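I opened the notebook to look up how the parts of this structure pack.

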Amino acid sequence: MQRVYLDNNATTAVLPEVFEAMRPYFGERFGNASSIHHHGQETRAAVEDAREAVADLLGCTASEVVFTSGGTESDNLAIAGWVAAGDHVITSSIEHHAVLHACKHLEKLGCDVSVLRVDGRGLVDPDDVGRALRSNTKLISLMMANNETGVLQPVDEVGKIAAEAQVLFHTDAVQAAAKVPIDVRRIGCDALSISGHKIHAPQGVGALYVKKGTRIQPLFHGGRHERSRRAGTENVPGIVGLGKAAQLAKESLERGDDKKMAAVRDRLEQGILAHVDEAGVNGQGAPRVPNTTNIHFDHIEGESLVIALDLKGLAVSTGAACSSGAIEPSHVLIAMGLRPEQARASIRFSLGKQTTESDIDFALALVPETVARLRELSPKYKSQVKVVS
Amino acid sequence: MSGGVDSSTVAAMLRADGNNVIGLTMQLWNQRRLAGREGMPEAVHGRCCSLDDVYDARRVAQQIGIPYYVVNHEERFEREVVRPFVEEYLSGRTPIPCSLCNNHLKFDQLLIVAQQIGAERVATGHYARVAYDDAKRRWLLKRPADASKDQTYFLFGLTQEQLGRTLFPLGDMTKPQVRELAHRHGLAIAEKPDSQEICFVPGGDYKRFIDAYLAEQGESLPDTAGELVTTGGEVIGEHTGIHNFTVGQRKGLGVATGSPLYVIQISGADKQVIVGSDEHLYSRTLRARRTNLISLEALAEPMRVKVKIRHRHEPAPATIERSGEDEILATFDEPQRAITPGQAAVFYDGEIVVGGGWIV
């Protein structure tokens with residue numbers, strides 16, 4: 001069966017160049033990067049090369065990059081590494097659970113957390129951030145791009161507000177990295193999370209940018225790896241993969257591939273909307289990363305649509321992969337004001353570097369007819385149609 | 001696929017026969033939801049919809065090589081099964097949630113999902129048989145080969161359309177044969193114990209469940225306490241709440257008398273529990289409402305059948321006739337013990353399920 005993968009916000013395939021770069025570090029170059037001998041020197045060099053490549057993608061210096069196990073660890077390190085009992089934290093209602101649940105945990109430890117609302121487009125109002133500031137505000141954590149809708153948040157403006165108030169600013173850029181240019185200096189953030197497997201590196205590796213001069217408490221206690229910011233022997237193959245993927249992403253952005261991807265995404269989006277009525281884009285009117293579109297197909301269960309499409313070879317999702325099987329409709333879409341049944345009727349399509357025009361043709365041939373079939377068999381839709389006629 | 005031996009074996013059988021099989025698990029209830037509340041057990045293992053069971057179902061699907069999905073119907077399950085379960089008890093009736101689940105979830109929502117994703121039929125691990133009667137032009141529901149596992153009592157609500165899209169591949173097998181087949185397919189769950197009780201009520205303690213559920217909903221338990229009255233009308237004491245009683249119950253009445261007392265009737269309207277001696281439990285008639293007929297289009301004239309009035313009841317000879325709008329009167333040849341409102345009355349013509357309804 002032909003299979004088309006449009007769920008790159010869940011995870012991406014490791015690019016062949018990335019895999020090739022990693023390959024020696026599973027075999028002949030196996031040293032512990034902290035070892036004194038030749039083997040250690042060899043892998044240490046690879047780790048530092050990768051650190052420079054990541055720094056280059058983010059616009060920081062290499063010493064500001066801490067390698068982690070992924071986006072979730074990076075988010076937790078930034079939050080738990082800075083905030084203590086009695087502190088106040090500002091975040092938003094559309095954050096990934098890695099941030100929201102980490103903040104919830106802080107509340108149990110005696111911190112106050114303000115969760116900012118978003119508008120119908122899924123955007124946080126920077127003025128709300130300013131208004132939420134308190135004398136004991138320690139940290140603002142606002143994502144750069146939302147994982148479900150792809151909506152880009154006004155992080156530059158929030159960075160200015162944070163700097164003015166002398167409050168630490170963390171941004172979860174897991175879904176922004178490699179899709180839009182990132183410059184930590186322009187954002188003015190103190191920490192920024194990225195994840196390997198969202199940018200065509202493997203699962204199990206990520207990084208946190210930590211601004212020079214800001215001390216951070218490690219999550220793990222152990223050796224003095226990563227300048228005592230993250231104990232544990234480095235995942236050298238993963239780090240090498242992340243470095244290669246970062247380098248490729250940087251080159252790709254410089255070539256303007258993001259604009260090409262946006263055009264492909266737009267063709268998918270407009271093609272679907274042209275053939276399906278009572279549907280619309282979640283996050284319409286907001287700036288978005290070029291690879292994501294989230295569409296509500298009213299009167300259906302998104303869950304059934306995902307299954308039906310999967311059985312015909314198209315992989316998409318109802319939202320965050322981590323939330324699959326959950327009963328709660330997407331907290332992101334609900335925060336944007338969608339009705340629960342509309343949120344449950346929403347599907348995320350997310351493109352990757354390997355997505356082709358023929359993949360889009362495949363999706364365009366499949367989605368409208370599948371939605372029509374689901375609606376035809378949906379008691380909700382039938383009763384609605386009856387009422388209308 | 002519940003993760004149990006029956007539905008797992010069905011999947012393996014159908015797959016081995018070369019069918020295009022899709023595994024679906026209905027996530028109906030979060031077993032951790034009420035854990036630790038109002039004296040409910042902290043952790044519940046090996047129950048339907050627990051993480052363990054979904055894990056087992058998924059592993060079976062992976063092993064036999066079929067696509068597998070979990071579909072979440074917790075909201076509807078709560079609305080159509082759990083809520084009515086609680087309300088029935090609070091009204092002095094003894095509910096059967098499994099029938100509601102079959103009618104509103106398994107053979108309703110699941111069939112819709114199946115059609116939507118392009119599946120022609122839904123197969124389950126129920127012990128029952130479906131056959132098409134060419135002469136009558138109707139789908140028939142029949143008792144299975146293994147009488148000890150017969151689940152037709154819980155399936156009386158199936159419509160013609162539902163039966164026409166349903167497969168019960170275990171209908172001709174006994175449970176030991178199913179386990180043996182599971183072994184032959186190398187399924188790890190071949191010796192998994194049968195589930196016995198109501199899936200969302202751990203330990204079968206429905207009173208504790210009602211307490212915990214209402215507490216979680218922020219509702220207080222309505223005051224259902226009242227008088228304990230004899231069949232002669234004499235008030236002999238107080239009781240703690242009608243939902244604590246079931247018709248036929250002997251223990252826990254809280255009064256000491258010379259002869260054994262049983263709950264004869266529960267009166268929801270005036271919160272009375274009427275007690276009497278064993279002989280008062282016997283009745284020759286019952287009325288069933290919200291009926292569903294399977295082997296017949298309509299009950300035009302009185303019919304000789306056997307009627308089953310609870311899951312563990314040997315169907316007893318009776319005559320059924322229409323006694324009102326959506327109501328059937330059953331008159332037994334011999335009086336039956338403890339006919340209980342809230343339970344189902346299911347009518348059998350030999351192996352064939354004629355239909356059934358809810359005892360009022």
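Which residues in H3(B) meet which residues in H7(B)? I found B:Val82, B:Val86 and B:Tyr89 in H3(B) meeting B:Tyr206, B:Ile210 and B:Tyr213 in H7(B). Contact here asks for C-beta atoms, placed from the backbone, within 7 Å. By class, this contact has six nonpolar, no polar and no charged residues. I used these classes: Ala, Val, Leu, Ile, Met, Phe, Trp, Tyr, Cys and Pro are nonpolar, Asp, Glu, Lys and Arg are charged, and the others, Gly among them, are polar.

Before going on, I noted that this is a predicted model, where local features need pLDDT of at least 70, side-chain atom pairs count only at pLDDT 80 or more, and totals for chains, interfaces and linings use all residues. Residues are numbered from 1 along each chain as its sequence is written, and chains are lettered from A and ligands numbered from 1 in the order in which they are written.

**Helix pairs in chain B**

I looked up the angle next. Helix H3 (residues 74-90) of chain B packs on helix H7 (residues 206-216) of chain B at about 115°, with the axes 11 Å apart. Therefore H3(B) is roughly perpendicular to H7(B) (65 to 115 degrees; under 35 is roughly parallel, over 145 roughly antiparallel, the rest oblique). Axes are lines fitted to C-alpha atoms, for helices over the stretch in contact, and angles run from 0 to 180 degrees between N-to-C directions.

Then I turned to helix H1 (residues 5-16) and helix H6 (residues 175-184) of chain B, which pack at about 55° with axes 9 Å apart. That angle makes H1(B) oblique to H6(B). From H1(B), B:Val5, B:Asp6, B:Ser8, B:Thr9 and B:Met13 meet B:Val178, B:Arg179, B:Leu181 and B:Ala182 of H6(B). I sorted this contact into five nonpolar, two polar and two charged residues.

**Chain B as a whole**

I counted seven helices and 16 strands in chain B, as DSSP runs numbered from the N terminus (helices H or I, at least four residues; strands E, at least two). I also noted that 44% of the 360 residues of chain B count as buried (20 or more other C-beta atoms within 10 Å of a residue's own, all placed from the backbone).

**Chain A against chain B**

Last, I checked the interface: 11 residues of chain A are in contact with 15 residues of chain B. On the chain A side, helix H10 (302-311) and helix H13 (357-376) each supply at least two residues. H10(A) gives the most, with five residues.

Methods
Two residues are in contact if their C-beta atoms, placed from the backbone, lie within 7 Å. A residue is buried if 20 or more other C-beta atoms lie within 10 Å of its own, exposed if 12 or fewer, and partly exposed in between; C-beta atoms are placed from the backbone.
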